[in-house]
Amino acid sequence: METVQDVMKLIEGDGVEVIDLRFMDFPGLWQHLSVPARELTEDSFENGFGIDGSSIRGWQSINESDMLVKPVAETAFIDPFLKAKTLVLICNICDPITGEDYSRDPRNIARKATHYLKESGIAETAYFGPEAEFFIFDDIRFDQNAHEGYYHIDSKEGQWNSGRVEEPNLGYKPRYKEGYFPVPPMDSLQDLRSEMMLTLEKIGIHVEAQHHEVATGGQAEIDIQFDSLLKCADNLLKYKYVIKNTALKAGKTVTFMPKPLFNDNGSGMHVHISLWKGKSNLFAGDGYAGLSEMALFAIGGILKHAGSLLAFTNPTTNSYKRLVPGFEAPVNLAYSRRNRSAAVRIPMYSTSPKTKRLEFRCPDPSSNPYLGFSALLMAVLDGIINKTDPGEPLDKDIYDLPPEELAQVRKTPGSLREALDELKRDNEYLLRGDVFTPDVIDTWIEYKLTHEVQALDLRPHPWEFALYYDI
């Protein structure tokens, strides 16, 4: 789907009854409203539809609430889950009075990042390839109030259920940290992941692979093909939507929460990035691991700004329960070829210059992809512009380094509060080209501190009772 005319022909020729207009709130969840198909005209793509912006998290105040959602023709796809024939259109957000794109619309920030890249003359296209992991559970219960706080997760695959009476319990439950690549019957979710994969393909998202992941309890990964920044972020929202709803049809529930299980691997989202001009991969060269000088400077930018960058790529308090040693999470800010314990890895699957890229391993799938990808691109460009030296690569096993060597390796922030403090201190690189505005950064920090960091600080934790009740 490319043009407005294509969309209108699809609606008429395919019997579309409902138009679903989708956009992303500030923290990173898809929102939507629906209209009868007759309400969408060619003028709608320019004039938009009105919404109350004050009801969207992190957006307008009550006295400036009116906003417009403007559908984007090339994002159209038929929803594979809804009963009525529904065409989905992803939208941009605009001010109804000035007509300007809304500064806090995450998709607008991604559009500005793409524009800034082209205007810089450094490259024409930034390609992103995310590897999002997630858990498929059978049951989830949680609550927090004045007198109790708990969560309860269950999965038929969970190793903790190896002794449960299931009439019959057939075993075949992946052991902790041993869920990577077993065949059925140990991998009980193959058919469900295949259904997710094929549904993604039906709506136009190219899938590269699907498999069980390391953790017990139903951890999974489905990899989608790389694409330009904006298209990749759009695709990641479609990806989450398809995976959650396919699981729901099967009576299961999916979470992209980074660390739902204690003492097993969390869910990351390794992000691959490369810069191109025409058909030339600017990250391919004859330097370390087949990289160009530009790619090494890009690594320098990522490592230099990693603390503040993680405020967008790892934006939840739970993110930092994943970023701890011992669970394959990259807590050390270093780069290396092949070494998966480094924050930046250079994949070596192929020697072709076309495949040369950087893999930033810190991000997790709780991130808002428009903001996370844009911030990552801005760090890369800052490194290139300032010719930031990334230092020497670290090709040793980082976790086996002697203490004196390990002490020299910088670490990721230990909490969301620390990452937000880093963002407050280090954000000038994000402001270039008006990609991120001071208002966006200030609002992000304030929202995260108030609604997440401080809200969690106020509540007793179940483990505190185990530690302190008898004092």
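Because the model is predicted, local features need pLDDT of at least 70 and side-chain atom pairs count only at pLDDT 80 or more, whereas totals for chains, interfaces and linings use all residues. Residues are numbered from 1 along each chain as its sequence is written, and side-chain values use heavy atoms, with hydrogens and water left out.

The protein chain comprises 14 helices and 18 strands, where helices (H or I, at least four residues) and strands (E, at least two) are DSSP runs numbered from the N terminus. For 471 residues, a compact globule would have a radius of gyration near 23 Å, and the value of 23 Å for the protein chain agrees with this. The radius is taken over C-alpha atoms, and the globule rule is 2.2 Å times the number of residues to the power 0.38. Along the principal axes, the C-alpha atoms fill a box of roughly 65 × 60 × 50 Å.

Of the 471 residues, 55% count as buried; buried means under 20% relative accessible area, exposed over 50%, and partly exposed in between, with a 1.4 Å probe and protein chains only. The chain exposes about 21900 Å², of which carbon and sulfur atoms supply 52%. These areas come from the Shrake-Rupley method with a 1.4 Å probe, and for residues only the protein chains shown count as cover. Among contacts (heavy atoms within 4.5 Å) with a separation of 6 or more, 68% are between residues 24 or more positions apart. The chain carries 50 positive and 70 negative charges, whose mean positions are 3 Å apart. Lys and Arg count as positive and Asp and Glu as negative, while His and the chain ends are not counted; each charge is placed at NZ of Lys, CZ of Arg, CG of Asp or CD of Glu.

The structure contains 23 salt bridges, each defined as a side-chain nitrogen of Lys or Arg within 4 Å of a carboxyl oxygen of Asp or Glu. One of them joins D382 and R432, with the closest N and O atoms 2.5 Å apart. This pair links distant parts of the chain, 50 residues apart: D382 belongs to helix α9 (residues 369-385), and R432 to the loop between α12 (428-431) and α13 (438-457). D382 is buried at 3% relative accessibility, whereas R432 is partly exposed at 28%.

Elsewhere, salt bridges that share partners join D154, R164, E166 and K173 into one network. Within this group, the side chains of K173 and E166 meet at 3.3 Å, N to O. K173 is buried, with a relative accessible area of 8%, while E166 counts as partly exposed at 26%.

Most residues other than glycine have a negative phi, and most peptide bonds are trans. Y172 is partly exposed, with a relative accessible area of 48%.

S292 is placed in the loop between β15 (280-281) and α6 (293-304) and is buried at 11%. Apart from neighbours within four places in sequence, S292 is in contact with L282, F283, A284 and G285. By contrast, P325, in the loop between α8 (319-322) and β16 (332-337), is exposed, with a relative accessible area of 55%. P325 and S341 are 16 residues apart in sequence, and their C-alpha atoms are 9.5 Å apart in space.
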